[in-house]
Amino acid sequence: MAELRQGDFEGVSDPVTVSVVFHRLLTINKEMGITMTRTSRSPIFAEVHDFSCAICDWVPRIVAQIDGVPSHTASSMIAAKAVRDRFGEDIRPGDVFVINDAYSGGTHLADLTIIKPIFYQGELLFMAINRAHHLDVGGLTPGSYSPLATEIFQEGIRIPPLRIYRDGKPIMDVIETLCLNTRMPDLFWSDIKAQVASCSVAEKRLTELTDKYGPARLKVILEDIQRYAEKRMRQEIKKIPDGIYEGTAYLDGDGFSATQVKVQVQFEIKGEEMYVNFDGTDPQTTGFINSPFANSATSVYVSVLTTVSPDVPHNEGAYQPIHITAPEGSVVNPLPPAPVASSTLDTACAILEACFMALSKAMPNRVPAGWNRWCGPSISGIDPRNGEFYVQYAFCGMGGGGALPFMDGLSYIGDGIDLGGLTAPNIESNELEYPHITAFHEFLPDSGGAGKFRGGMGVRYRIQFLGEVAPTFVMFGDGKVNPPYGLFGGGTGSLNRPMLNDGLPDERELPAKGIIALKPGDFYSVYSSGGGGWGNPLERDPAKVREDVLNGLVSLESAKNDYGVVFQDNLELDIAATLNRRTAPLKGAER
Amino acid sequence: MRYRVGIDIGGTFTDGVVIDSEGRIQIFKDPSTPSDPSIGLINTLKKAARFYGEEFSQFLGHIDMLVHGTTVATNTMLQYKGVKTALIATKGFRDALEMRRAHKEDIWNLSLADPPMIIPRALRFGVSERLNYKGEILTPLDEEEVRQVARSIKAQGVLAVAVCTLFSFTNDVHEKRIKQLVQEEFPEAFVSISSEILKQIREYERASTVAVNAYISPSLSRYLKNLQTVLKREGLPRDFLVTQSNGGIMSASFGAEHGVMALLSGPSAGAVGGKYFAEILGFPNLIVCDMGGTSFDVTLIKDGEYTLTMESEVARYRVGVPAIDIHTIGAGGGSLSHIDEGGMLRVGPLSAGAVPGPVCYKRGGAQPATTDANLVLGYLNPDYFLGGEFPLDVEGCWQAMEERIGKPLGIDATQAAFGIYQVVNSGMADALRVVSVQRGHDPREFMLVAAGGAGPIHASRLAQEVGIPKVIVPRAASVFCALGMLESDLKHDYVQTYWTHFDQVNPESLEATFRAMEEQGMATLAEEGVAEAKVEVERYLDMRYIGQHHEVTVRLPRGKIEEGKLQGVAAAFHATHERLYTYCEADKPVETINIRLTIIGRVPKTPLAKELAAAAPAAEAIKGSRQVFFAEYQSRVDTPLYDAAKLQPGHHFSGPAIIEAATTSIVVCPGDEVLVDDYGNVILEVKKNG
């Protein structure tokens, strides 16, 4: 093996082998995801990909994590450590563990983390992790998002680090206890098997990898991968000008009170280190928006990983120079038994926004304008077509992404913290699967924030429920008061607007959080947030504004009022009038 | 003499392969002519005519079968240069194509924009109509609305129309009527409806597939019709054939309306060639890799068959029609190396292309590419590149290697080059694993077929790395795709949703549905001129455990479907599930989702002629020696050079060695055993790793 040492690159002895092994781990990680998608029963995994996979080393530290939703980034590694702390030397070949409790190393209870230790010749070398959002884990309401919960006990079954397989076989009395606590036991158990299968695939491949390099050498390589990631992250932080950068975002409320909840973040950049604190953030709330520290840390990591160079590996090494603290008892580091179910969406988005706002002051060219926040229901009941119980989230109401200094935001891409990692189901699959009929599903004009680069579009989406019994309908979400922010002169995206029976005499606007009583035949519509705009809209290329107008994404009024672009009757640009209008504000005239 | 001719148009060369009625192969190459590819094609054919000493028209008259792999469809899509196209959808659902199911290929990359829209929103129209999931009509089609849309798009200069309405896969009545109405109002338009292209649930995937078809077919049609006219005028007595993504061929006239079936027209022929090799070698498990200047295409052949995927993406558009599962990564002779900010050596994905090309091409390239590394290591002969037509710049190449890669890493040029070689190999080895280990296949049960100009340089190491015991470098490695075309048959795939619990499958109704699809296939083959006797039919079911969302495709036994046969089908499903995903649940209920039918019209073929056994010993093929770097020695060793043209069946020798052909170079690593088979193919028995 050639010695490829770089003079100033202490630590990594053999960059070629390190690179080969690292990519092999990423490939294995992706294969875990494919196995889960292909075998799981719940649409939330198979169609939507609301899960993530990771590979940890023996410590355990995350080595490779490329598959899955960004919102699981740091929480998986904290879950693995919790298992290690609880079981220590009692971790044996053939074991599989599960954990979900927010205060024992998990986040919201619906996210079940499966952890499979992988041994080689009797030595613990790896842990394979699959973290997946189950449709129901019990609690006050089906779907396990309960706006009425005031304690985590009401949100579902709490599972500390728990052994569920021994000697490669499921421990059925334990499994049955878990299954008894969900409304969908069959689905739950089948999906756990899919999670375990994805870890078993990793076990096969990692064993082959160890056969090839031998455990001793592999351990050195794994250390090198951590060191390499840390070095890369330090270099990236060093490029950010030293200083203190602050950002603030507000949640609409906690579901009990209309008082807005403040998330305040401060980034201090000092050479190669980054110190992040949440001093000034509001105290924990009565309702379910409290964000366990693992979830808050994840949002910070996501904000950093998406704004520094994309080739920094996503593993624990990269997180070493990032030091995060959050006041105990605050909404970003709550004390038990505060409820937490909605934190992985609502609060995670708000934290990410606050971080982006702060980072935009340090790296103005790399940070996006605001993405939409999730706003929609879980819907559950008995399907009148087959008599079976179902739980569904209305994923097709996704909103738009924020613009960047060189591109428009992505339309219909989903909330900020998931960054497009969730895939929406097809209307046809949805109607086949669930008892409703869709009236429309298309882009919502004027929803994207105006800007030199426009925010991505939200949608208008309406479903009408079939059958003679109305389903249980629980709203969880945010962004009805606080729209996606614009940056550097860009406008905000539109607000989320969930409605019941709009256009009928009994129409009403729905709260973002709450249990809603429905009548049979009711219909639900959502007009979802577009993303925020970037830069002064008056600087947007008029040809692009015209394209947006022809495509029905921007109205003539908005073109005129927000972008200062005027059209002739035949929809050709009126260049003179546009110039006139665009320069008018400079002269102090009405825009 | 009669001929069968295969023509593959690549980025640099147009490759022609002619097999005469005695089974002898000849290879012809002429530069490609990207502005009008048919010129290069005609030139190559003329070269062949001269070789056989025939007038061009006479030669064309003697052609029994002319098969053409075209990149017109692919390039139209890759460059987003299709015609102005409109989409008609159910009112309220016209945006599915652009919504892309909220999918983002690279989640962590914020600056990844959506692909350019092939049908902008202004040309997407909703019309009043609606079916439910059972195919029952909830809202009848508003015919006047369709007519208005047709008139409006006609006035706007649209040339093609894609139609995709909700649940048309269960009931195509509205889509068919929309097609009629549009054609009445706008007869010149090319109209493509989703239920004819992909009769399958999931409207996004269906809309994307039919939109791509409408967008590219007119361009492909123009090209094919023009070529047909020219060839007919010059004397070709019959319709020529076009290779499809599914590994089959289709008549040019069918292809003109089904552009989406021709997206992998070029590379799919490589897979077919691989399948053919599996037959003649009597070895059913092969991994075919084709490494050119910019990409590395890998296909796996298991039990003599390649696999098809229904989830391919071209130019970031989803295409749901069956296509050979070809895994492509951006690694080739032109892939550029660099040192990243963390001091890690990286190769690709940027490529030097043909211009400026690698440093050694001396066309202005400054950053070392894979080819440069191969030259520094001694794997390439600087004076015999393209048979010596193209001398390589050794000195400049060494210098760049040392300056740009060696110095930053603190190593010399040789070690730097070897680093590049290893990194690029590791990426390609991963690609080989993606198609093998990741899909449950053990590489030790496969042979590696190395094709393309650069494939044979890396093949032995790749095989060693992945654990593949043997490598085959075909005699016609550099024109492998063109050869593959001549082994293709006419082939059409049909799919239809058939959603039911497996234990409730009614054998009669299933049989009847298959029969109906078969008749449709027969009709198409009849139009393409295939007599019924040569027709073969394959039947498949897409199955899954109830509640799963992804299917496993299971082939049905031949013959009529009867009650007794269904148990075996269920068993085959459980077994496939276990192989793919480490477990099965034989006690859990299963459902069927789609039925699939493939109809094949066998084309007569002449068997390849074997070459004469060696008269002289292998040593006579040695043309000299060179200092070549091998990892085993950690240094350069004096290595014999063999002239590929002089190798004959029965020749046998051991590595290290380099076998030089005009269009490629085979690197034989220390410990490898070389054997030349009856067809002149070079077979390497690869030394095991470690």
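Two strands count as paired if DSSP finds at least two bridges between them, and helices (H or I, at least four residues) and strands (E, at least two) are DSSP runs numbered from the N terminus. This is a predicted model, in which local features need pLDDT of at least 70 and side-chain atom pairs count only at pLDDT 80 or more, while totals for chains, interfaces and linings use all residues. Residues are numbered from 1 along each chain as its sequence is written, with chains lettered from A and ligands numbered from 1 in the order in which they are written.

**Confidence**

- Where pLDDT is low, the predicted coordinates should not be read in detail.

**Sheet in chain A**

- Four strands of chain A form an open sheet in the order 8-9-10-11, with mixed pairing.
- Strand 8 (243-251) and strand 11 (322-325) of chain A are the edges, each having a single partner strand, so one side of each is left without a neighbour in the sheet.
- From one strand to the next, the twist averages 15 degrees.
- Strand 8 of chain A pairs with strand 9 (residues 261-270) of chain A in the antiparallel sense over nine bridges, and Ile244(A) has Glu268(A) of strand 9 as its bridge partner.

**Sheet in chain B**

- In chain B, an open sheet of four strands has the order 29-30-32-33, again described by mixed pairing.
- Strand 29 (622-630) and strand 33 (665-668) of chain B stand at its edges with a single partner strand each, so one side of each lacks a neighbour in the sheet.
- Strand 32 (residues 657-660) of chain B pairs with strand 33 of chain B in the antiparallel sense over four bridges, and the bridge partner of Glu660(B) in strand 33 is Ser665(B).

**Helix packing in chain A**

- Helix 3 (residues 73-87) and helix 7 (residues 293-305) of chain A pack at an angle of about 135 degrees, with their axes 6 Å apart; axes are lines fitted to C-alpha atoms, for helices over the stretch in contact, and angles run from 0 to 180 degrees between N-to-C directions.
- The contact of helix 3 of chain A with helix 7 of chain A involves residues including Ile78(A) of helix 3 and Tyr301(A) of helix 7.

Technical notes. Contact = placed C-beta atoms within 7 Å.
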